[in-house]
Amino acid sequence: MNTSMARRIMIALVPAVLLLGAGSAAAAIDLGQELQKALRPKTPDQAGPSRPSSSAGGGIDLGGLFGFSPEEEVAIGRQAAGNLLGAAPLVKDATLQKYVNNVGRWIASQSERPDLTWHFGVIDSNDINAFAAPGGYVFVTKGLYRLLQSESELAGVLAHEIGHVVAKHHLKILQQSRLVDMSSKLVAKTAGENPVIKNLIGNGAEIFSRSLDKNAEYEADRMAVTLAARAGYDPFGLPTVLQDIGHAAKDASGVQLLFKTHPLPDDRLTHLGDAVDGRLDRLQGPTLAQRFYHIRP
Amino acid sequence: MNRATRIPILLSALLLAIGVALAAEEGSMLKADDLKAEPFRDATTVGSLAAGQHVEILDKQGGWFQVKSSAGSGWVRMLSVRRGEARKGSGDAAGLLGLASGRAGTGSVVATTGIRGLSEEDLKAAKYNEAELKKAESYATTRADAQKFAASGKLAARKVEYLPAPGAAK
(Lines give C-alpha, C1' and ligand atoms only; values in the text may rest on other atoms or scores of the structure.)
Protein backbone atom coordinates (compact mmCIF):
# COMPACT_ATOMS: atom_id res chain seq x y z
CA MET A 1 0.00 0.00 0.00
CA ASN A 2 1.46 3.34 -0.94
CA THR A 3 1.40 6.32 1.37
CA SER A 4 -1.25 8.25 -0.51
CA MET A 5 -3.60 5.30 -0.29
CA ALA A 6 -2.82 4.91 3.39
CA ARG A 7 -3.69 8.57 3.86
CA ARG A 8 -7.01 8.17 2.12
CA ILE A 9 -7.94 5.24 4.29
CA MET A 10 -6.99 7.23 7.39
CA ILE A 11 -9.22 10.07 6.24
CA ALA A 12 -12.08 7.69 5.72
CA LEU A 13 -11.57 6.20 9.17
CA VAL A 14 -11.39 9.38 11.18
CA PRO A 15 -14.95 10.62 10.50
CA ALA A 16 -16.23 7.10 11.18
CA VAL A 17 -14.61 7.15 14.60
CA LEU A 18 -16.00 10.63 15.20
CA LEU A 19 -19.50 9.45 14.40
CA LEU A 20 -19.16 6.46 16.68
CA GLY A 21 -18.04 8.77 19.46
CA ALA A 22 -20.96 11.09 18.87
CA GLY A 23 -23.42 8.23 18.60
CA SER A 24 -23.64 7.49 22.29
CA ALA A 25 -24.33 11.14 23.02
CA ALA A 26 -27.08 11.37 20.42
CA ALA A 27 -29.91 10.44 22.75
CA ALA A 28 -28.87 13.09 25.23
CA ILE A 29 -28.62 15.63 22.43
CA ASP A 30 -32.22 15.09 21.41
CA LEU A 31 -33.32 15.71 24.96
CA GLY A 32 -31.25 18.85 25.07
CA GLN A 33 -32.81 20.02 21.83
CA GLU A 34 -36.30 19.55 23.26
CA LEU A 35 -35.33 21.47 26.34
CA GLN A 36 -33.94 24.29 24.24
CA LYS A 37 -37.13 24.47 22.22
CA ALA A 38 -39.11 24.74 25.38
CA LEU A 39 -36.88 27.49 26.70
CA ARG A 40 -37.03 29.82 23.76
CA PRO A 41 -38.42 30.16 20.25
CA LYS A 42 -36.31 28.75 17.45
CA THR A 43 -34.61 31.37 15.32
CA PRO A 44 -34.27 30.97 11.56
CA ASP A 45 -30.47 30.71 11.69
CA GLN A 46 -30.52 27.98 14.29
CA ALA A 47 -30.10 25.19 11.81
CA GLY A 48 -26.89 26.84 10.67
CA PRO A 49 -25.94 28.15 7.23
CA SER A 50 -25.69 26.03 4.14
CA ARG A 51 -22.36 24.40 4.55
CA PRO A 52 -19.81 22.84 2.25
CA SER A 53 -19.69 19.08 2.12
CA SER A 54 -17.80 18.36 5.26
CA SER A 55 -15.16 15.76 5.83
CA ALA A 56 -14.96 16.80 9.47
CA GLY A 57 -18.55 15.87 10.04
CA GLY A 58 -18.35 12.76 7.87
CA GLY A 59 -20.90 14.31 5.51
CA ILE A 60 -23.47 14.66 8.25
CA ASP A 61 -24.17 18.17 9.47
CA LEU A 62 -23.76 17.71 13.19
CA GLY A 63 -23.98 21.47 13.68
CA GLY A 64 -27.50 21.45 12.33
CA LEU A 65 -28.67 18.67 14.59
CA PHE A 66 -28.12 20.63 17.75
CA GLY A 67 -27.12 24.22 17.39
CA PHE A 68 -26.26 27.13 19.57
CA SER A 69 -28.42 30.12 18.78
CA PRO A 70 -26.70 32.98 16.90
CA GLU A 71 -26.81 35.05 20.11
CA GLU A 72 -25.17 32.25 22.06
CA GLU A 73 -22.53 31.83 19.40
CA VAL A 74 -21.60 35.53 19.50
CA ALA A 75 -21.59 35.49 23.32
CA ILE A 76 -19.18 32.54 23.30
CA GLY A 77 -16.99 34.24 20.69
CA ARG A 78 -16.90 37.50 22.68
CA GLN A 79 -15.81 35.75 25.82
CA ALA A 80 -13.11 33.74 24.01
CA ALA A 81 -11.89 36.82 22.10
CA GLY A 82 -11.81 38.92 25.28
CA ASN A 83 -9.74 36.25 26.98
CA LEU A 84 -7.33 36.01 24.05
CA LEU A 85 -6.88 39.79 24.08
CA GLY A 86 -6.10 39.49 27.77
CA ALA A 87 -3.13 37.30 26.84
CA ALA A 88 -2.03 39.47 23.91
CA PRO A 89 -3.50 42.92 23.23
CA LEU A 90 -3.96 44.42 19.77
CA VAL A 91 -0.94 45.85 18.00
CA LYS A 92 -1.29 49.60 18.51
CA ASP A 93 -1.66 50.56 14.87
CA ALA A 94 -5.15 51.65 13.82
CA THR A 95 -4.26 51.64 10.10
CA LEU A 96 -3.15 48.02 10.37
CA GLN A 97 -6.29 46.95 12.26
CA LYS A 98 -8.56 48.72 9.81
CA TYR A 99 -6.67 47.14 6.90
CA VAL A 100 -7.07 43.56 8.17
CA ASN A 101 -10.76 44.23 8.81
CA ASN A 102 -11.20 45.36 5.21
CA VAL A 103 -9.44 42.30 3.80
CA GLY A 104 -11.18 39.90 6.20
CA ARG A 105 -14.64 41.39 5.76
CA TRP A 106 -14.36 41.19 1.97
CA ILE A 107 -13.49 37.49 2.12
CA ALA A 108 -16.14 36.75 4.74
CA SER A 109 -18.67 38.38 2.40
CA GLN A 110 -17.96 35.54 -0.06
CA SER A 111 -18.75 32.90 2.57
CA GLU A 112 -22.05 31.29 3.57
CA ARG A 113 -22.21 33.64 6.57
CA PRO A 114 -21.82 37.05 4.92
CA ASP A 115 -23.98 38.87 7.44
CA LEU A 116 -22.25 37.85 10.64
CA THR A 117 -20.63 40.78 12.46
CA TRP A 118 -17.07 39.86 11.58
CA HIS A 119 -14.11 41.16 13.56
CA PHE A 120 -10.44 40.84 12.65
CA GLY A 121 -7.32 41.91 14.48
CA VAL A 122 -3.54 41.62 14.74
CA ILE A 123 -2.42 40.80 18.26
CA ASP A 124 0.89 41.71 19.84
CA SER A 125 2.71 38.39 20.04
CA ASN A 126 5.80 37.17 18.25
CA ASP A 127 4.41 33.66 18.13
CA ILE A 128 3.34 32.49 14.68
CA ASN A 129 -0.34 31.67 14.87
CA ALA A 130 -3.88 32.68 14.00
CA PHE A 131 -7.11 32.12 15.88
CA ALA A 132 -10.82 31.95 15.20
CA ALA A 133 -13.58 32.14 17.76
CA PRO A 134 -17.27 31.45 17.15
CA GLY A 135 -19.36 34.38 16.04
CA GLY A 136 -16.77 35.76 13.64
CA TYR A 137 -13.79 36.81 15.77
CA VAL A 138 -10.49 36.25 13.93
CA PHE A 139 -7.00 37.16 15.13
CA VAL A 140 -3.54 36.88 13.59
CA THR A 141 -0.36 37.28 15.63
CA LYS A 142 2.18 39.94 14.75
CA GLY A 143 4.72 37.10 14.31
CA LEU A 144 2.65 35.54 11.55
CA TYR A 145 1.72 38.89 9.99
CA ARG A 146 5.42 39.75 9.63
CA LEU A 147 5.98 36.64 7.52
CA LEU A 148 3.41 37.83 4.97
CA GLN A 149 4.47 39.48 1.75
CA SER A 150 1.22 40.25 -0.01
CA GLU A 151 -2.46 40.88 0.55
CA SER A 152 -3.34 37.52 -1.00
CA GLU A 153 -1.24 35.78 1.67
CA LEU A 154 -3.09 37.68 4.40
CA ALA A 155 -6.33 36.79 2.62
CA GLY A 156 -5.36 33.11 2.69
CA VAL A 157 -4.60 33.15 6.42
CA LEU A 158 -7.82 34.99 7.30
CA ALA A 159 -9.83 32.74 4.95
CA HIS A 160 -8.62 29.62 6.82
CA GLU A 161 -9.94 31.09 10.09
CA ILE A 162 -13.16 32.26 8.41
CA GLY A 163 -13.54 28.65 7.26
CA HIS A 164 -13.49 27.44 10.87
CA VAL A 165 -16.19 29.95 11.81
CA VAL A 166 -18.39 29.15 8.80
CA ALA A 167 -18.12 25.39 9.38
CA LYS A 168 -18.64 25.95 13.15
CA HIS A 169 -15.74 23.68 14.01
CA HIS A 170 -15.27 25.02 17.54
CA LEU A 171 -18.97 25.05 18.33
CA LYS A 172 -19.19 21.35 17.56
CA ILE A 173 -16.57 20.64 20.19
CA LEU A 174 -18.18 22.98 22.72
CA GLN A 175 -21.55 21.36 22.17
CA GLN A 176 -20.21 18.19 23.72
CA SER A 177 -19.31 20.03 26.95
CA ARG A 178 -22.69 21.67 26.97
CA LEU A 179 -24.41 18.34 27.41
CA VAL A 180 -23.17 18.41 30.98
CA ASP A 181 -25.19 21.51 31.71
CA MET A 182 -27.81 21.88 29.02
CA SER A 183 -30.37 23.78 30.96
CA SER A 184 -28.11 26.77 31.60
CA LYS A 185 -28.93 29.97 29.81
CA LEU A 186 -25.84 31.14 27.99
CA VAL A 187 -27.02 34.59 27.08
CA ALA A 188 -27.74 36.07 30.47
CA LYS A 189 -26.43 39.53 29.70
CA THR A 190 -25.21 41.27 26.59
CA ALA A 191 -21.82 42.61 27.58
CA GLY A 192 -18.99 41.77 29.88
CA GLU A 193 -17.93 38.43 31.22
CA ASN A 194 -20.49 35.69 31.31
CA PRO A 195 -19.94 33.11 34.07
CA VAL A 196 -21.82 30.34 32.31
CA ILE A 197 -19.87 30.79 29.09
CA LYS A 198 -16.68 31.11 31.09
CA ASN A 199 -17.46 27.70 32.53
CA LEU A 200 -18.19 26.29 29.08
CA ILE A 201 -15.01 27.46 27.37
CA GLY A 202 -12.63 26.72 30.24
CA ASN A 203 -9.77 28.69 31.75
CA GLY A 204 -8.80 31.93 30.06
CA ALA A 205 -8.19 31.48 26.37
CA GLU A 206 -7.28 27.81 26.58
CA ILE A 207 -9.95 27.06 23.98
CA PHE A 208 -7.39 28.35 21.46
CA SER A 209 -4.80 25.80 22.56
CA ARG A 210 -7.13 22.87 21.94
CA SER A 211 -6.68 21.00 18.69
CA LEU A 212 -9.53 20.60 16.30
CA ASP A 213 -9.82 17.34 14.42
CA LYS A 214 -7.12 17.37 11.75
CA ASN A 215 -9.76 16.90 9.08
CA ALA A 216 -11.31 20.15 10.27
CA GLU A 217 -7.95 21.84 9.59
CA TYR A 218 -7.71 20.30 6.14
CA GLU A 219 -11.28 21.38 5.45
CA ALA A 220 -10.47 24.96 6.55
CA ASP A 221 -7.47 24.92 4.17
CA ARG A 222 -9.66 23.81 1.28
CA MET A 223 -12.25 26.45 2.16
CA ALA A 224 -9.48 29.07 2.41
CA VAL A 225 -8.19 28.66 -1.16
CA THR A 226 -11.79 28.64 -2.40
CA LEU A 227 -12.79 31.75 -0.45
CA ALA A 228 -9.64 33.59 -1.60
CA ALA A 229 -10.49 32.63 -5.20
CA ARG A 230 -14.09 33.80 -4.74
CA ALA A 231 -12.80 37.12 -3.41
CA GLY A 232 -10.79 37.57 -6.62
CA TYR A 233 -7.31 36.99 -5.17
CA ASP A 234 -4.58 34.64 -6.30
CA PRO A 235 -5.92 31.54 -4.50
CA PHE A 236 -2.43 30.37 -3.54
CA GLY A 237 -1.73 32.87 -0.75
CA LEU A 238 -2.27 30.35 2.04
CA PRO A 239 -0.07 27.66 0.46
CA THR A 240 2.68 30.26 0.07
CA VAL A 241 2.48 31.03 3.79
CA LEU A 242 2.45 27.31 4.64
CA GLN A 243 5.62 26.90 2.60
CA ASP A 244 7.21 29.70 4.62
CA ILE A 245 6.18 28.24 7.94
CA GLY A 246 7.39 24.86 6.76
CA HIS A 247 10.93 26.21 7.05
CA ALA A 248 10.61 26.51 10.76
CA ALA A 249 11.96 23.72 12.87
CA LYS A 250 9.31 21.70 14.64
CA ASP A 251 10.52 22.75 18.07
CA ALA A 252 11.16 26.44 17.40
CA SER A 253 9.18 28.16 20.12
CA GLY A 254 7.43 30.60 17.79
CA VAL A 255 5.57 27.77 16.11
CA GLN A 256 5.24 25.27 18.96
CA LEU A 257 1.55 25.82 19.58
CA LEU A 258 0.73 26.12 15.87
CA PHE A 259 2.44 22.82 15.12
CA LYS A 260 0.85 21.16 18.14
CA THR A 261 -2.68 22.15 17.16
CA HIS A 262 -2.38 21.76 13.37
CA PRO A 263 -1.07 19.11 11.01
CA LEU A 264 2.46 19.97 9.86
CA PRO A 265 2.73 22.34 6.86
CA ASP A 266 4.08 19.63 4.54
CA ASP A 267 1.04 17.44 5.26
CA ARG A 268 -1.29 20.39 4.77
CA LEU A 269 0.33 21.25 1.42
CA THR A 270 0.18 17.64 0.24
CA HIS A 271 -3.44 17.29 1.29
CA LEU A 272 -4.39 20.57 -0.34
CA GLY A 273 -2.54 19.55 -3.50
CA ASP A 274 -4.60 16.36 -3.71
CA ALA A 275 -7.79 18.40 -3.30
CA VAL A 276 -6.89 21.18 -5.75
CA ASP A 277 -5.54 18.85 -8.45
CA GLY A 278 -5.42 21.59 -11.08
CA ARG A 279 -8.97 22.82 -10.41
CA LEU A 280 -7.85 26.39 -9.77
CA ASP A 281 -5.57 26.76 -12.81
CA ARG A 282 -7.95 29.13 -14.58
CA LEU A 283 -8.61 31.18 -11.46
CA GLN A 284 -5.66 33.50 -11.34
CA GLY A 285 -5.82 36.77 -9.50
CA PRO A 286 -3.70 39.56 -8.10
CA THR A 287 -1.53 39.07 -5.02
CA LEU A 288 -1.71 42.83 -4.33
CA ALA A 289 1.80 42.85 -2.91
CA GLN A 290 1.99 46.64 -3.49
CA ARG A 291 -1.10 47.36 -1.42
CA PHE A 292 -0.03 45.07 1.43
CA TYR A 293 0.31 47.06 4.65
CA HIS A 294 3.69 46.42 6.22
CA ILE A 295 3.74 46.47 9.97
CA ARG A 296 5.98 49.04 11.61
CA PRO A 297 9.23 47.57 12.95
CA MET B 1 46.45 39.08 -18.67
CA ASN B 2 47.82 41.55 -16.17
CA ARG B 3 46.74 41.95 -12.60
CA ALA B 4 44.75 45.14 -13.23
CA THR B 5 42.37 43.53 -15.70
CA ARG B 6 42.06 40.28 -13.79
CA ILE B 7 40.48 41.83 -10.69
CA PRO B 8 37.45 43.39 -12.44
CA ILE B 9 36.88 40.10 -14.28
CA LEU B 10 37.01 38.15 -11.05
CA LEU B 11 34.71 40.67 -9.41
CA SER B 12 32.12 40.53 -12.14
CA ALA B 13 32.28 36.73 -12.14
CA LEU B 14 31.67 36.81 -8.40
CA LEU B 15 28.75 39.23 -8.73
CA LEU B 16 27.28 37.09 -11.49
CA ALA B 17 27.56 34.01 -9.27
CA ILE B 18 25.84 35.82 -6.41
CA GLY B 19 23.15 37.07 -8.76
CA VAL B 20 22.41 33.58 -9.99
CA ALA B 21 22.36 32.20 -6.47
CA LEU B 22 19.91 34.88 -5.33
CA ALA B 23 17.55 34.51 -8.25
CA ALA B 24 16.84 30.84 -7.65
CA GLU B 25 15.35 29.36 -4.55
CA GLU B 26 15.85 25.80 -3.50
CA GLY B 27 13.04 23.35 -3.11
CA SER B 28 12.33 19.66 -2.91
CA MET B 29 9.41 17.57 -4.07
CA LEU B 30 6.86 16.70 -1.36
CA LYS B 31 5.52 14.02 -3.66
CA ALA B 32 6.10 12.73 -7.17
CA ASP B 33 4.57 14.94 -9.84
CA ASP B 34 4.75 15.70 -13.54
CA LEU B 35 6.92 18.39 -15.02
CA LYS B 36 4.81 20.39 -17.48
CA ALA B 37 5.76 22.55 -20.45
CA GLU B 38 3.35 25.26 -19.28
CA PRO B 39 1.63 26.15 -15.98
CA PHE B 40 -1.57 24.24 -16.73
CA ARG B 41 -2.89 20.82 -15.84
CA ASP B 42 -3.50 19.94 -19.52
CA ALA B 43 -0.09 21.13 -20.72
CA THR B 44 2.37 18.66 -22.26
CA THR B 45 4.23 16.57 -19.71
CA VAL B 46 7.94 17.03 -20.29
CA GLY B 47 9.30 14.94 -17.45
CA SER B 48 8.57 13.53 -14.05
CA LEU B 49 9.90 14.48 -10.64
CA ALA B 50 10.31 11.98 -7.82
CA ALA B 51 9.36 12.58 -4.20
CA GLY B 52 12.28 14.24 -2.44
CA GLN B 53 13.91 15.35 -5.70
CA HIS B 54 15.73 18.66 -5.53
CA VAL B 55 14.46 21.52 -7.67
CA GLU B 56 15.52 25.09 -8.26
CA ILE B 57 12.55 27.46 -8.22
CA LEU B 58 12.86 30.15 -10.88
CA ASP B 59 9.41 31.72 -11.01
CA LYS B 60 5.85 31.43 -9.76
CA GLN B 61 2.61 31.80 -11.67
CA GLY B 62 -0.68 31.12 -9.92
CA GLY B 63 -0.41 27.68 -8.40
CA TRP B 64 2.68 26.72 -10.38
CA PHE B 65 6.44 26.99 -9.89
CA GLN B 66 8.81 27.17 -12.83
CA VAL B 67 11.65 24.86 -11.86
CA LYS B 68 14.97 23.55 -13.04
CA SER B 69 15.95 20.04 -12.06
CA SER B 70 18.02 17.09 -13.16
CA ALA B 71 14.86 15.90 -14.94
CA GLY B 72 14.82 19.08 -17.01
CA SER B 73 13.07 22.44 -16.81
CA GLY B 74 9.37 23.17 -16.75
CA TRP B 75 6.41 23.88 -14.49
CA VAL B 76 5.26 21.92 -11.48
CA ARG B 77 2.32 22.41 -9.07
CA MET B 78 3.51 24.55 -6.16
CA LEU B 79 1.54 22.33 -3.76
CA SER B 80 3.85 19.43 -4.64
CA VAL B 81 6.94 21.37 -3.59
CA ARG B 82 8.48 22.10 -0.22
CA ARG B 83 10.09 25.48 -0.72
CA GLY B 84 13.37 26.63 0.77
CA GLU B 85 15.05 23.30 1.26
CA ALA B 86 18.68 24.07 2.04
CA ARG B 87 21.36 22.37 0.04
CA LYS B 88 23.16 19.90 2.21
CA GLY B 89 26.06 21.48 4.05
CA SER B 90 25.26 25.02 2.99
CA GLY B 91 23.20 26.37 5.83
CA ASP B 92 24.60 29.86 5.37
CA ALA B 93 23.64 29.96 1.73
CA ALA B 94 20.09 29.01 2.63
CA GLY B 95 19.94 31.82 5.15
CA LEU B 96 21.28 34.22 2.58
CA LEU B 97 18.71 33.09 0.05
CA GLY B 98 15.93 33.56 2.56
CA LEU B 99 17.08 37.10 3.24
CA ALA B 100 17.64 37.97 -0.37
CA SER B 101 14.24 36.80 -1.51
CA GLY B 102 12.66 38.85 1.24
CA ARG B 103 11.05 35.75 2.65
CA ALA B 104 11.59 35.02 6.30
CA GLY B 105 13.36 31.72 6.59
CA THR B 106 14.26 29.56 9.53
CA GLY B 107 16.59 32.25 10.82
CA SER B 108 13.96 34.86 11.58
CA VAL B 109 11.53 32.32 12.99
CA VAL B 110 14.11 31.20 15.49
CA ALA B 111 15.00 34.80 16.21
CA THR B 112 11.55 35.40 17.71
CA THR B 113 12.21 32.79 20.39
CA GLY B 114 11.71 34.00 23.90
CA ILE B 115 10.20 37.36 23.09
CA ARG B 116 6.49 37.80 23.67
CA GLY B 117 5.10 34.34 23.05
CA LEU B 118 1.64 32.88 23.27
CA SER B 119 2.08 29.46 24.79
CA GLU B 120 -0.55 27.09 26.07
CA GLU B 121 0.17 28.35 29.60
CA ASP B 122 -0.15 31.99 28.52
CA LEU B 123 -3.54 31.25 27.00
CA LYS B 124 -4.77 29.33 30.02
CA ALA B 125 -3.77 32.13 32.39
CA ALA B 126 -5.32 34.86 30.23
CA LYS B 127 -7.71 37.27 31.91
CA TYR B 128 -10.71 38.68 30.05
CA ASN B 129 -10.03 42.19 28.72
CA GLU B 130 -13.28 43.97 27.88
CA ALA B 131 -11.61 47.29 27.02
CA GLU B 132 -9.33 45.67 24.45
CA LEU B 133 -12.25 43.68 23.03
CA LYS B 134 -14.29 46.88 22.58
CA LYS B 135 -11.32 48.41 20.82
CA ALA B 136 -11.07 45.39 18.52
CA GLU B 137 -14.78 45.65 17.76
CA SER B 138 -14.45 49.33 16.96
CA TYR B 139 -12.30 48.51 13.90
CA ALA B 140 -15.04 46.47 12.21
CA THR B 141 -15.71 47.27 8.56
CA THR B 142 -19.18 47.13 7.04
CA ARG B 143 -19.89 44.81 4.14
CA ALA B 144 -20.38 47.83 1.88
CA ASP B 145 -17.06 49.42 2.87
CA ALA B 146 -15.24 46.12 2.33
CA GLN B 147 -16.78 46.00 -1.14
CA LYS B 148 -15.36 49.47 -1.90
CA PHE B 149 -11.99 48.40 -0.56
CA ALA B 150 -12.03 45.35 -2.86
CA ALA B 151 -13.02 47.46 -5.87
CA SER B 152 -10.11 49.84 -5.24
CA GLY B 153 -7.80 46.81 -5.51
CA LYS B 154 -9.61 45.68 -8.68
CA LEU B 155 -10.82 42.53 -6.94
CA ALA B 156 -13.99 41.09 -8.39
CA ALA B 157 -16.04 38.38 -6.71
CA ARG B 158 -16.49 35.16 -8.65
CA LYS B 159 -18.38 31.94 -8.15
CA VAL B 160 -16.17 29.04 -7.08
CA GLU B 161 -17.31 25.72 -5.61
CA TYR B 162 -15.66 24.39 -2.47
CA LEU B 163 -13.08 21.73 -3.17
CA PRO B 164 -14.10 18.17 -2.38
CA ALA B 165 -12.08 16.27 0.20
CA PRO B 166 -9.46 14.17 -1.53
CA GLY B 167 -10.52 10.56 -1.57
CA ALA B 168 -14.18 11.57 -1.78
CA ALA B 169 -16.01 10.74 -5.01
CA LYS B 170 -14.66 13.00 -7.75
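**Close-up views of a predicted model**

**View 1. The largest nonpolar core.** Of its 102 residues, A:L84, A:I107, A:A155, A:L158, A:A159, A:I162 and A:A228 touch the most other members. A nonpolar core is a set of buried Ala, Val, Leu, Ile, Met, Phe, Trp, Tyr and Cys residues joined through C-beta atoms within 7 Å. Buried means that 20 or more other C-beta atoms lie within 10 Å of a residue's own, with C-beta atoms placed from the backbone. This model is predicted: local features need pLDDT of at least 70, side-chain atom pairs count only at pLDDT 80 or more, and totals for chains, interfaces and linings use all residues. Residues are numbered from 1 along each chain as its sequence is written, while chains are lettered from A and ligands numbered from 1 in the order in which they are written.

**View 2. Around A:L158.** Beyond its neighbours within four places in sequence, A:L158 is in contact (C-beta atoms, placed from the backbone, within 7 Å) with A:V103, A:G104, A:I107, A:F120 and A:V138.

**View 3. A helix of chain A against a helix of chain B.** Helix α5 (residues 94-108) of chain A packs on helix α6 (residues 143-152) of chain B at about 100 degrees, axes 8 Å apart. α5(A) is therefore roughly perpendicular to α6(B) (65 to 115 degrees). A:N102, A:R105 and A:W106 meet B:R143, B:A146, B:F149 and B:A150.

View 4. Strands β4 (residues 54-61) and β5 (residues 64-69) run antiparallel, joined by five bridges. B:Q61 has B:W64 as its bridge partner. Two residues lie between β4(B) and β5(B); in the turn, B:G62 has a positive phi of about 55 degrees.

Notes. A residue is buried if 20 or more other C-beta atoms lie within 10 Å of its own, exposed if 12 or fewer, and partly exposed in between; C-beta atoms are placed from the backbone. Two residues are in contact if their C-beta atoms, placed from the backbone, lie within 7 Å. Axes are lines fitted to C-alpha atoms, for helices over the stretch in contact, and angles run from 0 to 180 degrees between N-to-C directions. Helices (H or I, at least four residues) and strands (E, at least two) are DSSP runs, numbered from the N terminus. Angles under 35 degrees count as roughly parallel, over 145 as roughly antiparallel, 65 to 115 as roughly perpendicular and the rest as oblique. Two strands pair if DSSP finds at least two bridges between them.
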